[in-house]
Amino acid sequence: MSLRVLPVGDDALLVEVASGAAAQALHAELVRRRAAGLLTVREIVPAARTVLLDGVPDPVRLTSELTAAEIPPAPPGAHEVIELPVRYDGPDLADVAAHWGVPAHEVARIHAETEFRVAFCGFAPGFGYLTGLPPRYDVPRRATPRTAVPAGSVALAGPYTGVYPRSSPGGWQLIGSTDVVLWDHARVPAALLSPGTRVRFVAAEPVGAG
Amino acid sequence: MTDRALSVVRAGALTTVQDQGRPGHAHLGVPRSGALDVPAAALVNRLVGNPPGAAVLETTVNGCALRPRSDVTVAVGGAPCPVTVNGRPVAWGAPVRVPSGAVLDVGSAVSGLRSYVGVSGGVAVEPVLGSRSTDLLSGLGPVPLADGTVLPLGPEPAPHARVDVAPQAAPPAELVLRVTLGPREDWFTAEAVRVFTTRAYRVSPASNRIGLRTEGPVLERALPGELASEGMVLGAVQVPPNGQPVVFLADHPTTGGYPVIGVVRTTDLPAAAQAVPGTPVRFVAVRRR
């Protein structure tokens, strides 16, 4: 895996790789090294093509360690699969179907047959950016964002699927909704989805019924 | 058993509970949060005998007024301001005994923006992910104070080394922010990097706990388009499409898609937290330590 290490301020490093899959593999390896006591760092923050390491005691040394490191592919079954029951009844289902070139009920079938993985979190506590759909199913954001997207909305934008942990403004295409609580700060862990978690959406009603 | 609590008589423009924040959860999209003027918050805790991690109140512009329900020691620091107890002037930047039922008034900042109120025992609202800080980006922690809010206090700390008055940095007339360039300075023209590190900016009134927004010469991009979202650090100087630099403060988002031209030294951020709108800002490039 080719990677590029960029210094960020005095005590952080941004490690850039070529693809989302490579970023997930790098993240998994860095988390493994920290758990094994081989890496001291305050934050490991994966994103689309990068992993940020913040609170690094010796960035120069870690840079050379990372540059020389062998990063294995992300272990496939390291995380349990979380199932999210979803009603595929979102207001943008027809628009997404048009982008995909399929009937609306096919959107539900294709989405529910895909195994997703949380690539990274951001935007709001507990909001995961889930990857798994093939690139031909990428969709644009809505031209006009909604001022309030309800909590539990299952939505698509670019290559990602996300579930809104709470009501917030948003420009993603809403294809369904779930009653599962994604974020509860009184729960341990607070976030249902964290980077690396595998996710399956389960149609709450038989696809095509009604 | 006395009722260890504070009643909020006057909440002020924006008063929040702050401690050292909740670092370590950025990978879940949780901002670090915490007091913006870290040394001021630490000092008021020390003056009242609290441990450094105790929660204090962070005011904005016009202070607040509080009525303790038991005898407490308080100290006000950060932005200098008049302080009174039942209308009588008392010391700023020093421990003050406030009897049960008296009104402590923390007045409008004479200079700077944010005053810090330390109270013996600390503000003891329920922690969220290990911190009592209000995070204005994601809504974690207690909501900002409102008139009539009652805040629980922790137990009175053991008697402590007596400090009469402690020196504090004056809020800046000119804000000089030392920056290390990168990680995305190559997204800007060489001229933009030169402009960024030599020309004068001003603090924008749109600044808040999320970011210090600045106004000044537009920074031209060498590369068009948007960066794929990447992790953001405290002090990152993000440049949105309008070309005006934003310095990320404690409630900053954990990831972002605008390029970061440089990162401000953490030790310069307390001054940024006290810079009023209109304050001249200079970004000075420094080498990485």
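**Entry 1: domains of chain A**

Into which domains is chain A divided? I found domain 1 at 3-67 and domain 2 at 81-203. Before going on, I noted that this is a predicted model.

I then looked up the spacing: the C-alpha centres of domain 1 of chain A and domain 2 of chain A are separated by 27 Å. Their contact takes 6 residues from domain 1 of chain A and 6 residues from domain 2 of chain A. On the domain 1 side, helix α1 (residues 20-35) of chain A gives the largest share, 4 residues. By class, that side has 3 nonpolar, 3 polar and no charged residues.

**Entry 2: domains of chain B**

I turned to chain B, where the assignment gives domain 1 (5-152) and domain 2 (175-285). The C-alpha centres of these two domains of chain B are 28 Å apart. I counted in their contact 21 residues from domain 1 of chain B and 15 residues from domain 2 of chain B.

Which helix gives the most to the side of domain 1 of chain B that touches domain 2 of chain B? I found helix α1 (residues 38-48) of chain B there, with 3 residues. The residues of that side divide into 11 nonpolar, 6 polar and 4 charged.

**Entry 3: where the chains meet**

How many residues of chain B are in contact with chain A? I have 27 residues of chain B against 31 residues of chain A. The chain B side splits into 12 nonpolar, 11 polar and 4 charged residues.

**Entry 4: a helix pair in chain A**

I picked helix α3 (residues 93-100) of chain A and helix α4 (residues 104-112) of chain A, whose axes lie 8 Å apart at an angle of about 80°. Roughly perpendicular covers 65 to 115 degrees, so α3(A) is roughly perpendicular to α4(A).

Which residues meet there? From α3(A) I listed A:Leu93, A:Ala94, A:Val96, A:Ala97 and A:Trp100, and from α4(A) A:Ala104, A:Glu106 and A:Val107. This contact divides into 7 nonpolar residues, no polar and 1 charged.

**Entry 5: the nonpolar core**

In soluble globular proteins, nonpolar side chains tend to be buried together. With that in mind, I looked up the largest nonpolar core, which has 132 residues. Those with the most contacts inside this core are B:Val44, B:Val56, B:Val76, B:Val237 and B:Ala272. The largest share of the core, 8 residues, comes from α1(B).

Leaving out residues up to four places away in sequence, B:Val56 touches B:Gln18, B:Ala35, B:Ala41, B:Val44, B:Asn45, B:Tyr116, B:Val117, B:Gly118 and B:Val123. One of these partners, B:Val44, is also on the list of residues with the most contacts in the core.

Most residues other than glycine have a negative phi, and most peptide bonds are trans. I went looking for exceptions.

Where did I find cis bonds? One joins A:Val188 and A:Pro189, with omega about -5°. A:Pro189 sits in the loop between β12 (173-177) and β13 (198-203) of chain A. In chain B, the bond from B:Gly182 to B:Pro183 is cis, with omega near 15°. I placed B:Pro183 in the loop between β12 (175-181) and α2 (190-198) of chain B.

Next came positive phi values. B:Val61 is not a glycine, yet its phi is positive at about 70°. This valine, B:Val61, is in the loop between β3 (56-58) and β4 (64-68) of chain B. B:Val61 has 16 other C-beta atoms within 10 Å, so I filed it as partly exposed.

B:Asn86, also not a glycine, has a positive phi of about 50°. I located B:Asn86 in the loop between β6 (83-85) and β7 (88-90) of chain B. With 13 other C-beta atoms within 10 Å, B:Asn86 is therefore partly exposed.

**Entry 6: a proline in a chain A loop**

What does A:Pro150 contact, leaving aside neighbours within four places in sequence? I found A:Ser167 and A:Ser177. A:Pro150 and A:Pro165 are 15 residues apart in sequence, and their C-alpha atoms are 8.8 Å apart in space. A:Pro150 is partly exposed, with 13 other C-beta atoms within 10 Å.

Technical notes. Residues numbered from 1 in each chain as written. Chains lettered and ligands numbered in written order. Domains from an automatic or database assignment. Contact = placed C-beta atoms within 7 Å. Helix = DSSP H or I, 4+ residues; strand = E, 2+ residues; numbered from the N terminus. Nonpolar A, V, L, I, M, F, W, Y, C, P; charged D, E, K, R; others polar. Axes fitted to C-alpha atoms, helices over the stretch in contact; angles between N-to-C directions. Parallel < 35°, antiparallel > 145°, perpendicular 65-115°, else oblique. Core = buried A, V, L, I, M, F, W, Y, C linked by C-beta atoms within 7 Å. Buried ≥ 20, exposed ≤ 12 C-beta atoms within 10 Å, placed from the backbone.
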